[in-house]
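Here are my notes, as a few numbered points to read beside the model.

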Amino acid sequence: MHIHAYEKLWLALSIVLILALIGTVTYGAVGPGVAMVADSQSTIDAGGIDEDERFSEPRVEQVGENEYEAYVVAYQFGFEPTPIVVPANSTVTLQVTSRDVIHGFEVAGTSANTMVVPGEVSEITVETDEPTEYGIVCNEYCGAGHHVMEGKLHVVSQSEFENRGGDSE
Amino acid sequence: MGQNEAVHAGTEDGGGDAEEFDPIGTLTLIGIYFVILVLAWVYIYFVEFLGRDLVIVG
Ligand SMILES: [Cu+2]
């Protein structure tokens with residue numbers, strides 16, 4: 001069988017393109033450590049959130065050196081706590097759940113984005129940089145007030161974070 | 001194998017006819033598409049996606 005030289009080139013470039021696409025995604029996973037939102041948490045009772053030790057009191061907690069955990073509850077129509085205050089240059093794990101219907105949790109303009117399902121805990125870990133303020137939007141239609149459902153994520157300096165912690169506790 | 005084929009084509013298929021079909025315009029166009037595709041992917045993945053804040057790492 002004779003294959004035209006251009007066609008061979010076309011086949012070769014197609015293979016290069018496929019390998020490059022797989023390669024870049026692999027690089028993303030290995031280099032910067034991009035991960036997916038996984039089903040890593042066990043289910044909880046969506047109606048019994050008031051008794052859940054994490055979600056009865058939505059908050060941000062230090063769990064290690066420079067590691068923080070934020071317990072966030074989405075509801076019709078908002079997020080608790082508002083704002084979610086986390087320190088700069090730290091690793092923050094957000095555990096988000098819903099006490100009513102399916103919501104979305106998207107830190108606007110960033111890659112932090114997950115569905116929030118009642119009875120499930122969506123867990124995403126992110127690394128914060130400089131102090132800044134982000135908006136949070138619900139990106140799953142959740143009822144009449146969906147369009148006003150928003151939250152805030154404030155990344156503050158380490159010292160400011162410690163001061164706030166002192167005030168509220 | 002490639003070489004073998006080339007020789008084959010030259011001797012038995014009369015090669016000339018087949019090799020005269022050189023759609024260089026189409027090749028150029030596809031080449032331009034290819035470059036656009038690669039540049040777009042680099043931009044979408046490395047600049048827009050990895051360049052954003054709060055990349056999910058776990
Ligand atoms: Cu919502």
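1. Strands (E, at least two residues) and helices (H or I, at least four) are DSSP runs, numbered from the N terminus. Val137(A) is found in one of them, strand S9 of chain A. Val137(A) counts as partly exposed because its relative accessible area is 34%; the term covers what lies between buried, under 20%, and exposed, over 50% (1.4 Å probe, protein chains only). Gln95(A) is 42 residues from Val137(A) along the chain, and their C-alpha atoms are 16 Å apart.

2. A word on how to read all this. The model is predicted, with local features needing pLDDT of at least 70 and side-chain atom pairs pLDDT 80 or more, while totals for chains, interfaces and linings use all residues. Residues are numbered from 1 along each chain as its sequence is written, chains are lettered from A and ligands numbered from 1 in the order in which they are written, and side-chain values use heavy atoms, leaving out hydrogens and water.

3. Now the metal site. Which residues coordinate the copper ion? The donors are His103(A) through ND1, Cys138(A) and Cys142(A) through SG, and Met149(A) through SD, at 2.0 to 2.3 Å. Donors here are N, O and S atoms within 2.8 Å of the metal (3.2 Å for Na, K and Ca); water is not among the atoms, so sites may look incomplete. The arrangement is tetrahedral because the four donor atoms subtend angles of 98 to 123°; for four donors, that label asks that all angles lie between 85 and 135 degrees.

4. In sequence, the copper donors follow the spacing H-x34-C-x3-C-x6-M. His103(A), in strand S6 (residues 103-107), and Met149(A), in the loop between strand S9 (132-137) and strand S10 (150-156), link distant parts of chain A, 46 residues apart. His103(A) is buried, at 0% relative accessibility, and Met149(A) is buried too, at 2%.

5. The largest nonpolar core has 29 residues, and Val72(A), Phe79(A), Ile84(A), Leu94(A), Phe105(A), Val107(A) and Leu153(A) have the most contacts inside it. Such a core is a set of buried Ala, Val, Leu, Ile, Met, Phe, Trp, Tyr and Cys residues joined through side-chain atoms within 4.5 Å. Several strands of chain A each supply at least two residues of this core, among them S2 (67-75), S5 (91-98) and S10. S2(A) gives the most, with four residues.

6. What about charged pairs? One joins Arg54(A) and Asp52(A) at 3.8 Å, N to O; Arg54(A) is buried at 17%, and Asp52(A) is buried at 16%. Another joins Arg99(A) to Glu80(A), with the closest N and O atoms 3.4 Å apart. Arg99(A) lies in the loop between S5 and S6 and Glu80(A) in strand S3 (residues 78-80) of chain A, so this pair ties together parts 19 residues apart in sequence.

7. Glu160(A) and Arg164(A) also form a salt bridge, their closest N and O atoms being 3.8 Å apart. Why are they about one helical turn apart? Because they are four residues apart in helix H2 (residues 158-168) of chain A.

Notes. Tetrahedral: all angles 85-135°; square planar, octahedral: opposite > 155°, others 65-115°. Salt bridge = Lys/Arg side-chain N within 4 Å of Asp/Glu carboxyl O.
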